[in-house]
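User: I'd like to learn how to read a pair of packed helices. Can you walk me through it on an example?

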Amino acid sequence: MTDKDNSERIDRYLREQMTPEESEAFLNDLRNDKELREEAQMMALLIKEMKDEQAKQDEAVAQEIPATASHAKAIRLVKWIASIAAVFAIVFGAHLWYSSYRMDKVFDANYESYNTTKARGGDDEAIKLELAELYNKVGTAEDIAPVITRLQTIYDGIQTNSDTYADYSYYENDIAWYLALAYVKDHQTDKAKELLKRLAEHGDAEAAKLLKEL
């Protein structure tokens with residue numbers, strides 16, 4: 001079962017949208033699947049924290065408005081608006097959190113450090129070393145932006161047949177693969193998909209597999 005399927009099941013369970021049979025199956029899986037259990041616990045905690053924060057905001061708003069009959073309608077209206085905002089915050093916040101969580105898991109499952117002994121392409125050792133360093137930084141760098149910028153510049157240079165990047169063209173597929181992984185790590189899914197689609201169209205099985213996971 002995919003991470004997306006697990007997230008949907010957790011969401012349905014927490015919203016009490018499962019049938020009794022589905023709930024029983026889910027709870028059984030929860031007991032036997034540590035990864036699913038941890039994901040469900042984090043989701044429940046996130047929702048609880050959001051609800052607690054919204055409750056505090058509701059209380060503060062109610063205290064600011066005098067509790068008189070003339071203001072009763074205003075209080076009900078404010079609370080209704082606050083409730084709608086809370087639901088939106090929980091759903092939208094949970095969606096963003098899980099999207100990021102899932103992308104991190106997809107990245108970890110697909111990234112491997114680059115082995116220079118298996119380097120493919122031309123004979124320019126300086127280029128090989130630069131690319132190997134960039135590929136490995138995709139996995140280790142906390143700030144992935146400079147790595148993405150450099151790999152994207154090289155890749156664009158190859159696509160435009162720039163003389164500056166002519167010798168990099170021997171490594172085009174590797175550059176595209178690690179640039180896609182860098183975008184996955186940075187949660188820029190659309191840009192990763194664009195690169196992976198190109199690779200998959202040329203028969204790259206790994207790219208096709210990753211594309212499906214996104």
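User: Which elements does the chain have?

Analyst: There are 9 helices and 0 strands, taken as DSSP runs (helices H or I, at least four residues; strands E, at least two) numbered from the N terminus.

User: Where is confidence lowest, and where is it highest?

Analyst: Where pLDDT is low, the predicted coordinates should not be read in detail. pLDDT is the predictor's confidence in each residue, from 0 to 100. Here helix α4 (residues 69-110) is lowest, at a mean of 62, and α6 is highest, at 96. The chain mean is 79.

User: How do α6 and α7 cross?

Analyst: Two packed helices are described by the angle between their axes and the distance between the axes. Axes are lines fitted to C-alpha atoms, for helices over the stretch in contact, with angles from 0 to 180 degrees between N-to-C directions. For α6 (residues 145-159) and α7 (residues 172-185), the axes come within 10 Å and cross at roughly 145 degrees.

User: Which residues meet there?

Analyst: With contact meaning heavy atoms within 4.5 Å, α6 residues including Ile148, Leu151 and Tyr155 meet α7 residues including Ile175, Leu179 and Tyr183.

Conventions:
Residues are numbered from 1 along each chain as its sequence is written. This is a predicted model: local features need pLDDT of at least 70, side-chain atom pairs count only at pLDDT 80 or more; totals for chains, interfaces and linings use all residues. Side-chain values use heavy atoms; hydrogens and water are left out.
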